[in-house]
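Please summarise the helices, the sheet and the nonpolar cores of this model. Keep it short.

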Amino acid sequence: MTTPILRVQELKKIFSRSGREGFAAVDGVSFDVGGGECVGLIGESGSGKSTVANLVARLLDPTGGRIYLEGNDVTAADVRAVCRTVQMVFQSPRESFDPRRTLGDGVGESLRNAGQSAAEARAAVAELFEAVGLSPDFASRYPHEVSGGQCQRAAIARAIAIGPKLLICDEATSALDVTVQADIVALLSRLIRARAMACLFICHDLALAQGFCDRLLVMREGKIVEAGAADEVIQSPKTEYTKMLLDSIL
Amino acid sequence: MTAPESMTRKRSGGRTRLFLFGAAALLVVAGAFFSESLCPYDPYLQNLGAALEPPTAAHIFGTDRYGRDLCSRVIVGSRASIFSTLALVAVITSFGTALGLFCGWARGRADTFLMRVSDLCLAFPCLVFALAVAGVLGGGLHNAVLALAAISWPKYARIARSQTLAVRETDYLKAARLAGCSAARLAVRHILPNIAGPILVTAVLDIGTMMMELAGLSFLGLGAKPPMAEWGSMMSEVRGLLQTVPWAVFAPGLAIFAAVLVFNLLGDAVRDELDPKMKGR
Ligand SMILES: Nc1ncnc2c1ncn2[C@@H]1O[C@H](COP(=O)(O)OP(=O)(O)OP(=O)(O)O)[C@@H](O)[C@H]1O
Ligand SMILES: [Mg+2]
């Protein structure tokens, strides 16, 4: 057995509001993501999907449970320790770029932080922009000067810049309109295959999840209520909740 | 980017104002810097034979009770008033911002403690504190600036903290953290530029306020000491003579009024320029 890229065990996150009893946004979640595998995380709004993503990317500290990346325990690690392995694409492309910095700055930042010179980073950024189907001129633009779809392409370029093993897409297409969505999904799926990345794909659109993912995890109120091969989960759901999710969308 | 026409016009109007008042403020500061060479007379030269003269062609603001030329004293007084104020505002802005940014970023106990301290400072009447400082350290312009600084930084700390709290929840900050930025780089390159707007506006608007407060402390004898030329203490020296020699009070009063006005207008212009609603995005 090869070690999975990501292993999450009994993960728990309680948001405590001062004075009141904590609220368990993630409540004992366990799953694996194997190398090159694409796992979908679906569930209604507020079920804790983004919280799982932020915990795995080490942007939040878990209350309990363990997170392993390539077999290493990173439960208490700093973001900077995992950011070469895990990267993330966020839901709203414009809000994921610093409004006062150019797209090129944002895309090249991880390379600069990894010790590349400005010139090296600039060359790499130009290549990355080509790879996501943007003209390298976009590097000098500000987030408010490009369309949502172009901005999301830049965000994808930023996420793959450092060569991560695991890409987390937190509703990366939900904020885009339908035609652009299809382009971005095609781009993502091409890049994931070409660069042999594993993917944790958070998504509302079950048809999209079925097409994009090998396996699906269904979340409800912080727990995984169903897991299985994507086609199986969609075609013969075992729980009422998944059936309801399917009915409400299809 | 094409902005609606009305918006462009409004913005360029704002720009003009910004440059106009910015230039006026620069002029005031430059005037204060070169004040010694700008004075027609030695501002400290006493001439008791010509005491309390009304404005004439030779002394356009008249003379004070020691016969010193008021115009020269007002010009030289600008140095004490304006540079102390600018230094004061620079210190409280950078200190308050650094502290607020730290609190907003670190949160936890350090944050709670420092914010309680700032509450304490905000609740303390400025005058009482200045009196206490003057009592312990003695009077003088330096100590007045110290007293005001010790009590005025919390405003900046609060703004910086609340802005930092907002910025730290944004996706672009998460992305920057995922890019492997160090805490220092996050603070300097991502947080500071995004919280600087409101802080800058507050700072420029505060120049006028602080100038008034400093002059007020000097007027009460807690700031600049005679014979140092400073607008507040100049007014204080002749306050008993308001009815008989009004020009002696008028000259420094006018100077304070004009300087405060220039910096307040500049503050308004900066605010309009940086107001997010006016931005072309
Ligand atoms: N910082 C926080 N403090 C307190 N509660 C939070 C915080 N972040 C998230 N929550 C709560 O945790 C729960 C799960 O949130 P999460 O963002 O993970 O949901 P989600 O499944 O991503 O939903 P959506 O599909 O709408 O994005 C929600 O009820 C939310 O209110
Ligand atoms: Mg979410």
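This is a predicted model: local features need pLDDT of at least 70, side-chain atom pairs count only at pLDDT 80 or more; totals for chains, interfaces and linings use all residues.

Residues are numbered from 1 along each chain as its sequence is written, chains are lettered from A and ligands numbered from 1 in the order written, and side-chain values use heavy atoms, without hydrogens or water.

Helices (H or I, at least four residues) and strands (E, at least two) are DSSP runs, numbered from the N terminus. The expected span of a helix is 1.5 Å times one less than its number of residues.

| Helix | Residues | Span | Expected span |
|---|---|---|---|
| H6(B) | 12 residues | 16 Å | 16 Å |

H9(B) has a kink of about 50° at Leu192(B), shortly before the proline Pro193(B). The bend at a residue is the angle between axes fitted to the seven residues ending there and the seven starting there. Gly221(B) follows H9(B), with a positive phi near 85°.

**Cores**

A nonpolar core is a set of buried Ala, Val, Leu, Ile, Met, Phe, Trp, Tyr and Cys residues joined through side-chain atoms within 4.5 Å. The largest one has 71 residues. Leu88(B), Ile92(B), Ile195(B), Met211(B), Trp231(B) and Leu266(B) touch the most other members. H9(B) gives this core its largest share, 14 residues. Apart from it lies another core, of 50 residues, including Ala154(A) and Phe212(A).

Ile92(B) also has contacts (heavy atoms within 4.5 Å) beyond four places in sequence.

Chain A holds an open sheet of 6 strands, in the order E6-E7-E8-E3-E9-E10, with mixed pairing. Two strands pair if DSSP finds at least two bridges between them. E6(A) and E10(A) stand at the edges with a single partner strand each, so one side of each lacks a neighbour in the sheet. The twist averages 20° from one strand to the next.

E6(A) runs parallel to E7(A), joined by 4 bridges. Gln87(A) has Leu167(A) of E7(A) as its bridge partner.

Key: Axes are lines fitted to C-alpha atoms, for helices over the stretch in contact, and angles run from 0 to 180 degrees between N-to-C directions. Buried means under 20% relative accessible area, exposed over 50%, partly exposed in between (1.4 Å probe, protein chains only).
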